[in-house]
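Biologist: I'd like to learn how to read cavities and nonpolar cores in a model. Can you walk me through it?

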Amino acid sequence: MATRRQFIGTMSALAVAMATRNLVAQAEKSGASVAHTPPDFKVPKGACDCHVHVIGPQDRFPMAPERLYTPDYAPVEDLVAISRLLHLDRVVIVTPSPYGTDNRSTLYAIQRLEKRARGIAVVPENVKHSELEELHRQGIRGVRLNIETGGTNDSKALIDLLTKSAENRGPLKWHVQIYTNLAMISALRDVIPTLPVPVVFDHFGRLEAKKGLQQPGFLCCSTC
């Protein structure tokens, strides 16, 4: 006879499967594009896509007028279908720069995916702690500082911004995520260990694999 915990676990898994099936069906119906290259190895249980953006729909989540580029439509239905194809159980959804500090598209996607998703928000410098707490309640677990898209290379400004962000996000046990380049990351090497929160560099810190180890700002151990 199944225990109460087993029964609840089975029903929860069934609910997730049904929700996923419904979203996939919506994706297929809407003509959303889905990758068709499944992995040729066994993906570990609990595997997570640690950085993905959800874009649109434009009429519901309009982009910032001052954006520097306009990305393609990438709805949550696409994300669900691709995650299913790649056997990914979890996902971290990051608010992209074309939305500015409007996190509604990210929050909507988290709501649709429920416990499978968490998010990284972009917030204004003067954001209130009560607003951060509300974002936390909706699944946000970090804040993103997008330095690269705007072309900022002032290391002092980044250090000041990072320090302030880390102090304000510490009580929530969030992390601070930075999109910048290797030179700027190198300038942070003595600051990061002093911060009260973890720091994540997304997009591999703009590291270019084709250039190998000989890249300004890229530090490697002597055994490499």
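Predicted model: local features only at pLDDT ≥ 70, side-chain atom pairs only at ≥ 80, totals over all residues.

Biologist: How many cavities of 30 Å³ or more does the structure hold?

Modeller: A cavity is a space where a probe fits but cannot get out. Here there are two of 30 Å³ or more.

Biologist: Which residues line the second largest cavity?

Modeller: Its lining is made up of Leu79, Val80, Ser83, Asp89, Arg90, Val91, Leu113 and Arg116. By class, that gives four nonpolar, one polar and three charged residues.

Biologist: And which element gives the most to that lining?

Modeller: That's α2, with three residues. Both α2 (76–86) and β2 (90–94) supply at least two.

Biologist: Now the core. Which residues have the most contacts inside the largest nonpolar core?

Modeller: Think of a nonpolar core as buried residues joined through side-chain atoms. The largest one here has 39 residues, and Ile93, Leu113, Leu135, Leu162 and Ile178 have the most contacts inside it. At least two residues of this core come from each of α2, β2, α3 (104–113), β3 (117–121), α4 (129–137), β4 (140–146), α5 (155–169) and β5 (175–179). With five residues, α3 gives the most.

Biologist: What is Leu135 in contact with, leaving aside neighbours within four places in sequence?

Modeller: Leu135 is in contact with Leu107, Ala121, Val123, Ile140 and Trp174, once those sequence neighbours are left aside.

Methods. Residues numbered from 1 in each chain as written. Heavy atoms only, no water. 1 Å grid on protein atoms, 1.4 Å probe; cavity = no way out; pocket = protein on both sides within 12 Å on 5 of 7 lines; lining within 4 Å. Points joined across faces, edges and corners; volume = space filled by probe spheres on them. Helix = DSSP H or I, 4+ residues; strand = E, 2+ residues; numbered from the N terminus. Nonpolar A, V, L, I, M, F, W, Y, C, P; charged D, E, K, R; others polar. Core = buried A, V, L, I, M, F, W, Y, C linked by side-chain atoms within 4.5 Å. Buried < 20%, exposed > 50% of the residue type's maximum accessible area, 1.4 Å probe, protein only. Contact = heavy atoms within 4.5 Å.
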